[in-house]
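Please study the sequence and the structure shown here before reading on. The explanation that accompanies them is meant to be read with both in view.

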Amino acid sequence: MILAVLFANSEGNILVERFNGVPAEERLHWRSFLVKLGAENLKGVKNEELLVASHKSVYIVYTVLGDVSVYVVGKDAYDELALAEVIFVITSAVKDVCGKLPTERLFLDKYGRICLTLDEIIWQGYLENTDKDRIRRLVRLKPPTEF
Amino acid sequence: MAQPLVKKDDDRDDEADYSPFLGIEKGAVLQEARVFNDPQLDPRRCSQVITKLLYLLNQGETFTKVEATEVFFAVTKLFQSKDIGLRRMVYVMIKEISPSADEVVIIVTSSLMKDMTSKTDMYRANAIRVLCRITDGTLLTQIERYLKQAIVDKNPVVASAALVSGIHLLQTNPEIVKRWSNEVQEAVQSRAALVQFHALALLHQIRQNDRLAVNKLVSSLTKGSVRSPLAQCLLIRYSNQVIRESANTQAGDRPFYDFLEGCLRHKAEMVIFEAARAITEINGVTSRELTPAITVLQLFLSSSKPVLRFAAVRTLNKVAMTHPMAVTNCNIDMESLISDQNRSIATLAITTLLKTGNESSVDRLMKQITNFMSDIADEFKIVVVEAIRLLCLKFPLKHRALMNFLSNILREEGGFEYKKAIVDSIVILIRDIPEAKETGLLHLCEFIEDCEFTYLCTQILHFLGIEGPKTSDPSKYIRYIYNRVHLENATVRAAAVSTLAKFGAMVDTLKPRIFVLLRRCLFDNDDEVRDRATLYLNTLGGDGAVVQTGDDVKEFLFGSLDIPLVNLENSLKNYEPSEESFDINSVPREVKTQPLAEKKAPGKKPTDLGAPLAGPPSTADAYEKLLSSTPEFASFGKLFKSSAPVELTEAETEYAVNVVKHIFDAHAVFQYNCTNTIPEQLLENATVIVDASEAEEFAEVASKPLRSLPYDSPGQTFVAFEKPEGIPAVGKFSNMLRFIVKEVDPSTGEAEDDGVEDEYQLEDLEIVAADYMLKVGVSNFRNAWESMGADCERVDEYGLGPRESLAEAVNAVINLLGMQPCEGTEVVPKNSRSHTCLLSGVYICNVKVLVRLQFGLDGPKDVAMKLAVRSEDEAVSDAIHEIVASG
């Protein structure tokens, strides 16, 4: 299960936070844990360079994309490698939506489309689509090219 | 020229800072959502409002039920618009905000059903996802037909939408989803990679409880081609599961190993890694099977991708616990990871190296770790400290280097948990490695000179009081301890006074000087410190002369209260100041029965300073004291053995009762520990009526009732039996708890005057042969066996019949005999077909017994055993054989 996908700006403010199967009372804890993790480790990290951590049986893969940081949390089948795949799909799709590495402003300008993109990638904790071109078509309700 | 340029820059900055959602407020957005009801819909405007709603939701904002329902109704109106972009937003919005009430959901189902049967594929896919999100069992039956069609739809997006919906629906409506097996099976063969991935996941979930079906699924797919690496990873996991489950039934050929090994050459790193990890997780994997997996993991250690490095080192770390030798080859690569920028990787590398390193590499390793420690967070440091402790216990000769390392990091900055981990480690090393004692104590002394944690300070002082006087030069610790009296807060000062007193009691030559120091403490401004100083000055006696301290004083200073602190605390809270002083003998001595779940927690070696240092007496000593102080049992002589408590009630019943069997030479005493778990009741005059008709050799001689059993305050009642002297008599006893129950008013806590007699049936209890055997180990079994000689040896063979496993059979015999396993021989290696287990013990009348058990698998499950017994008395050797023969 992909437990959470979180986007934050460079100051640690949340831009997008989507949880699956995480009780409401634990969400705040996760949010602050992830933001702290990012603040401690993401400084000076290159764009899209993946960082990884584990907390008990939960894995976290996170990175920087332009002005925003991206965190993906998973457990069971979604271990560090599966999450690396998930975050790769997310970052390439977000870059695709923004046309370049997102600034915070650009990210917010494209907010609606980014929500749709995430909706195509992850559905209630499961990875659904992985190809950015296909995702781009799907958010416009166009069938995939190979079909 | 300059001015417009500046202006332009300013504009741009403003723009960059300005967030489209600046000052967004839920109430205002909900107002804006009214545009959804406009007769002339503006798709662009509607999309913007939905984006704002999504933004609020994604910030963790919650909507009340009324708000959600209102938005939901309004959003459903948007189905009227033909704008594609807006339609896509509507799908997301409905999924996000859908209220659970059926009557509300019904509003939107007809629109969605229409979309689900639409000719536009993308409408179909999205409508399926939304419907499955909001559906219930009844609606699902209605749309089931369409979903089954969708699973095998030509459009991969539609098929995936239906399959992923199936994965979710399986949780809520399993019986319906299970009917889709055929379609899902077909989808597994799909040419579209993602469809295959989703179909495989769903099919496995549908069949996960059917071992044969999973086996068949894996067999067929491992032969064919799986298109996506993701699906291949799933297949590896499922085959690993099959291997695990078949491990007990099949020996020799390992199914699917070749498949896993083949996957190590796959082009996707994800698949290679998954296969390598699966191989390392195989039960009883051999070195030969392990080698190719370790080789690829080793390559990943130097990958440029942090995720791969992390995954590899994490797996190797686990392998190091079971097969340290197999990981040694990776040590050089692992050492280079110590400086990895990602601290999780570096910590895993270090802890792995600490597990696999040999004695000669310790010094080099410590050097590397020293550089690394300064820039990692406390939680990582704690992991490293624990690994170092284990390493030191493994290579005690290296204690100097490792202890130095611990003392160095103890001086550096760090939080409480980290410091506590270091102090705990030093304490354990002092306790387990005698040569490390003096240096360790000095390190602790230096630490308390500048320690900001009161808890750690007092614990260390307490430890010093116990260990310091036993060293070659106890006087050198006094300065550190007495400094605390000057420099610290009252809690630490009081602890220091107690420690000084212990030195005074144990080291006669130091006594006069300790007296001087204690007298100075009489002027402390804290009551507790002064009281302690006064108490110790009076207790130690001798007026400061060099005289030997009496045993009773030592017992007072070093002995424990013999009372569980929780019980003492409860009793003190209940005590009301009156003419009658508090009587410590009134405190219940029995620890409250713990909930079952707590008991089942795996036993952890106590590392906390508090518990082991307090030097609690062994349970046996406590029982002996308790029984000898009870007049009814005082004449029974020396207690031979007390059993572990046996539960006589189920968990969470009204009254919790367990029993401890105390065996004397000619008597047996049952100690029933009772707890009343009903706050509204007070039990009085509780006693257990024992029926010993199935224990002919036992005759009841005494019974000690429990006067009062208030709520949640444990108490004991006893029943004593006479039995033939020195004979291991056995029998079965049935038990009934009889008492007078009185109602208690919960508001006042007062009990009514009148009570009613009542009874409560308890489980039966048995005295078995193992109750006459003391678990006493020997340090060298071979020597003990040979010196015992073969004079009283008895050897025989037994067939134990079909058993679950060899380990289970070994355990059963150990429990039957109640003896102490020696040299770790109670552990049976996995997959072994024969095993030797060595046991030692002392039988009633103090006869030493040694047992050598040789087990072998006879056929697939049958276990045969050869039992050789040596003892000081041939009758006892025969008795052991009888126990086994009749067990």
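Predicted model: local features only at pLDDT ≥ 70, side-chain atom pairs only at ≥ 80, totals over all residues.

Residues are numbered from 1 along each chain as its sequence is written, chains are lettered from A and ligands numbered from 1 in the order in which they are written, and side-chain values use heavy atoms, with hydrogens and water left out.

The predictor assigns the complex an ipTM of 0.94 and a pTM of 0.62. Its confidence in each residue is the pLDDT, on a scale from 0 to 100. For chain B the average pLDDT is 84, and 92% of the residues score at least 70.

Chain A contains five helices and seven strands. These are DSSP runs numbered from the N terminus, with helices (H or I) of at least four residues and strands (E) of at least two. Their order from the N terminus is β-β-α-β-β-β-α-α-α-β-β-α. Of the 147 residues in chain A, 57% are buried, where buried means under 20% relative accessible area, exposed over 50% and partly exposed in between (1.4 Å probe, protein chains only).

In soluble globular proteins, nonpolar side chains tend to be buried together. A nonpolar core is a set of buried Ala, Val, Leu, Ile, Met, Phe, Trp, Tyr and Cys residues joined through side-chain atoms within 4.5 Å. The largest one here has 248 residues, and those with the most contacts inside it are A:Phe7, A:Ile90, B:Phe36 and B:Ile369. Helix H2 (residues 80–98) of chain A supplies the largest share of this core, 12 residues. A second, separate core has 62 residues, including B:Ile663 and B:Ala809. Beyond four places in sequence, the partners of A:Ile90 include A:Val5, A:Phe7 and A:Leu118.

Finally, consider helix H9 (residues 156–172) of chain B. Because 15 of its 17 residues are buried, H9(B) is largely enclosed by the rest of the structure. At its start, a side-chain oxygen of B:Asn155 comes within 2.9 Å of the backbone nitrogen of B:Val157.

Conventions
Contact = heavy atoms within 4.5 Å. pLDDT = per-residue confidence, 0-100. Expected span 1.5 Å × (residues − 1). Polar contact = N/O pair within 3.5 Å; in protein donor to acceptor, adjacent residues only side chain to side chain.
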